[in-house]
Amino acid sequence: MEEKTLKRLEYHKVLEQLASFAGSALGKERALGLRPVDDPTLIRRWQDEVSEGRKLLRLEPTAEMGGWKDIRNQLQRAGRGAVLEPEELIAVADTLTAGRIIKNFLDEREENYPLLNAHAFFITPLPDLEKRIKNAILPGGEIADHASPLLAQTRRKLAGAQLSIKNYLENMIRSPNYQKYLQDPIVTIREGRYVVPVKIEYRAQVPGIIHDQSASGATLFVEPMAVVEKNNELRRLVVAEKQEIQRILAALSEGVAQNLEGIETSLETLGELDLIMARARYSQSLDAWAPILTDEAVLDIRQGRHPLLKGDVVPVNIRLGEDFDTLIITGPNTGGKTVTLKTAGLLALMAQSGLHLPAGENTRLGVFQRIFTDIGDEQSIEQSLSTFSSHMTNIVEIVSQAGRDCLVLLDELGAGTDPVEGAALAQSILEKLHGAGARTIATTHYSELTNFAYARARVENASVEFDRATLRPTYRLLIGKPGRSNAFEIALRLGLPSELIKRSREFLSEEQVQFEDLMRNLEKARQEAEADRAAAAKLADEARAIKEKHDELEADLTQRREAILSKAGEEARLLVKSARMEAESAVRELREKIAEESTRTRESAIKAARDKLGRLHRKVGRAVPEKVFAGQTPTVLRAGQEVLLPKFNQRGYVIEPPGEGEDVQVQVGIIKMNVSIKDLRTVEEPKIGGGRSEVAGLLLDKTRDISVELDLRGQYAEEAMLMVEKYLDDAYLAGLPRVSLIHGKGTGSLRTAVHKLLKGHHRVKSYRLGEHGEGGYGVTIVELAN
């Protein structure tokens, strides 16, 4: 891409924003040096890397991806054989540590961040060199005593020599013999040697070497002769210390030089990772997302926002390259035409630079080999170029170079000269670019270009919307609708007298007036259609809300119904249990009296027991009356008639009416069966009698009629399964703890089907084959769940 194109579209400002999210100087340099590419594979990889960076920021926002330094200068110096300073070596060690931590972090999460981990592969861990540097140099840059045995020994001697000199001089300044000669009772250092401050008039009384004099001249700093040799020894130890430190630094620098290639590769990789994370943070700040890259040179920007605009930005939809290759945008000044043009170009550059786009989902862009622009007023006084001339200079270059897979953006095409000639030039330029296969977006005020779009295939009009009510632009792009200048409306809003506006309209030709009226009516119709569409969308949202509320109420009612049924079932079980206990009590009393009394007394006891059982039966009957199945036994049946099978609590359809016998062939679901006409009911709404609850009545009904065994012999497997399902439910409701299923021995197919149904059944606690005396293999004993 030409630098002038990047400048006109303000690409460098995007890079400045991107660089602000980098965490290192190397990352900032890479961000500012970023340029669009035309390799689709590389662009897709960049986009995927940024998406992984966004994922990392979302899932692990506290992950540390920094902590390293820009050590390029240190590496260059080490490569030339220079000895690095302690601070420089610490920077190298910090970078090695950060690289090792980042590499380990990404290696552990290779499945989540494969592309980032692919970069981390090139980071070379150097734990030995890292450890040597950190052991030898303390955080403040001081060389540690344990950096070498010789350094430790030298520093011990140095400390001893300093202590010896200080002790001697401390005794001297405290001595009454010397106190009157000293300006102050202190020990200080001059030129690296320990001295005492002596008054100038007593310099003869303190023999020694004079190293300095105070500014007033009243004090001499004297090294007493008694400590001269000790100071000499101290200086020798200081020199030895410096030599050993220099040797240690040289050895560490040599270690850096030996691993120079690996460290440089690691540093470049860390810079690349910093750039990826800067792209990810920039994407996050813009609420941007990866576009869909296509193989064709197309633009399909949905709800795109210019990244440099602040505040409440109106998103724009831009299409190019699918239904049409040339888009001509018309409309008034300050309506947003140029911003739309720049948005299209800048988002294309960002996509080809591996940056996410501030646009909606399903935004699609192709890869453009070159992008040409002619935007803004580039007149040059130095080159004696007018506005028109500067535009023509750019357009001459564009026309000669643009072709397929190129994007051309032209602002105010043909402006700056005679309107008639300018419009003619604009049409010829667009025709040339269209014929060359370029994707072109042009803005203009010329109505002739609107007609040009109507007369050419794959050329489309567009306009920036203008609100006639407020007489202000809305900055929305309307593709397929040519724009109007709205000059009269704007002039009237700005205060031009209405009589002048009226007179201005009289200068328009009849065709122009008709065209304006047509455009005005089209605009009004479009706005009304949009309002209707918005109202329909609102109604659809309200309908969805009502449906969601209905679904919630239905779920709530279902939950309440289950709770009521559960409570009713519990009440019925308690009632049945109480009835059984009373019946057993009556039987027990009867047996006791029979065993004890005479025949007459026994008859009287039996009568009393019968009366008690009768009263109990009437009590249960009053508490929960029997449930009456809705409908009558049908007298006349016809094929296809719906009937109720109370025995199975299922509905079915008559296949064949009854013949001479009373059996009717009925289909229930996928099962066909022969049923007695007495076992059928007509389908009506059920009538529920009074009492505690319908469910309680059903439970007691089952309790009175249920048997502890079910004979399935002679049944087909499908019919038998329906009978078992119903029987298990009835037995559970009746409170039976155990039941027997009689399937016979035979071929074993019925037994296998029964066991398959029982396995995992929610009513079944366990099951087994019958033992001797229970029917053996022809019976299955089922323990029911509580």
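Predicted model: local features only at pLDDT ≥ 70, side-chain atom pairs only at ≥ 80, totals over all residues.
Which residue in β4 is the bridge partner of V196?

Local features are described where pLDDT is at least 70 and side-chain atom pairs where pLDDT is 80 or more, while totals for chains, interfaces and linings use all residues. Residues are numbered from 1 along each chain as its sequence is written, and side-chain values use heavy atoms, with hydrogens and water left out.

**View 1. V196 meets its bridge partner V222 in β4.** Helices (H or I, at least four residues) and strands (E, at least two) are DSSP runs, numbered from the N terminus. Two strands pair if DSSP finds at least two bridges between them. Here strand β2 (residues 193–199) and strand β4 (residues 219–224) run antiparallel and are joined by four bridges.

**View 2. An open, antiparallel sheet is built from four strands in the order β1-β2-β4-β3.** Its edge strands, each pairing on one side only, are β1 (188–190) and β3 (208–213). On average, and ignoring direction, neighbouring strands of this sheet are turned by 50° against each other. Axes are lines fitted to C-alpha atoms, for helices over the stretch in contact, and angles run from 0 to 180 degrees between N-to-C directions. Contact means heavy atoms within 4.5 Å. Helix α9 (residues 149–174) packs on the sheet and touches β2 and β4, with its direction at about 10° to that of β2. Helix α11 (residues 228–258) also packs on the sheet, touching β2, β3 and β4, and its direction makes about 145° with that of β2.

**View 3. A second open sheet has four strands in the order β20-β21-β23-β22, with mixed pairing.** The edge strands are β20 (709–711) and β22 (764–769), each of which pairs on one side only. From one strand to the next, the twist averages 20°. Look for β20 beside strand β21 (residues 738–742): they pair in the parallel sense over three bridges. In this region L710 stands opposite L741 in β21. Helix α22 (residues 717–734) lies across β20, β21, β22 and β23 (779–784), running at about 165° to β20. Helix α23 (residues 749–758) packs on the sheet too, touching β21, β22 and β23, and its direction makes about 155° with that of β22.

**View 4. Helix α4 (residues 40–59) packs with α12 at an angle of about 70°.** Two packed helices are described by the angle between their axes and the distance between the axes. For α4 and α12, the axes are 8 Å apart. The two helices are therefore roughly perpendicular to each other (angles under 35 degrees count as roughly parallel, over 145 as roughly antiparallel, 65 to 115 as roughly perpendicular and the rest as oblique). Residues making the contact include W46, E49 and V50 of α4 and I276, M277 and R279 of α12.

**View 5. Two aromatic pairs are counted in this model.** Rings of Phe, Tyr and Trp (its six-membered ring) pair if their centres lie within 6.5 Å; planes under 30 degrees apart count as stacked, over 60 as edge-to-face and the rest as tilted. The rings of F21 and Y282 have centres 5.8 Å apart and planes at 40°, so this pair is tilted. It links distant parts of the chain, 261 residues apart: F21 is in the loop between α2 (11–19) and α3 (25–32), and Y282 is in helix α12 (residues 260–286). Buried means under 20% relative accessible area, exposed over 50%, and partly exposed in between (1.4 Å probe, protein chains only). Y282 is buried, at 3% relative accessibility, whereas F21 is partly exposed, at 26%. The pair formed by F121 and F122 is edge-to-face, with 5.4 Å from centre to centre and 85° between the planes. F121 is exposed, with a relative accessible area of 61%, and F122 is partly exposed, with 46%.

**View 6. The charged end of R190 sits over the ring of F221.** A charge sits over a ring if NZ of Lys or CZ of Arg is within 6 Å of the ring centre and within 35 degrees of the ring normal. The charged end of R190 is 4.1 Å from the centre of the F221 ring. Elsewhere, R763 lies over the face of Y732, at 4.2 Å from the ring centre.
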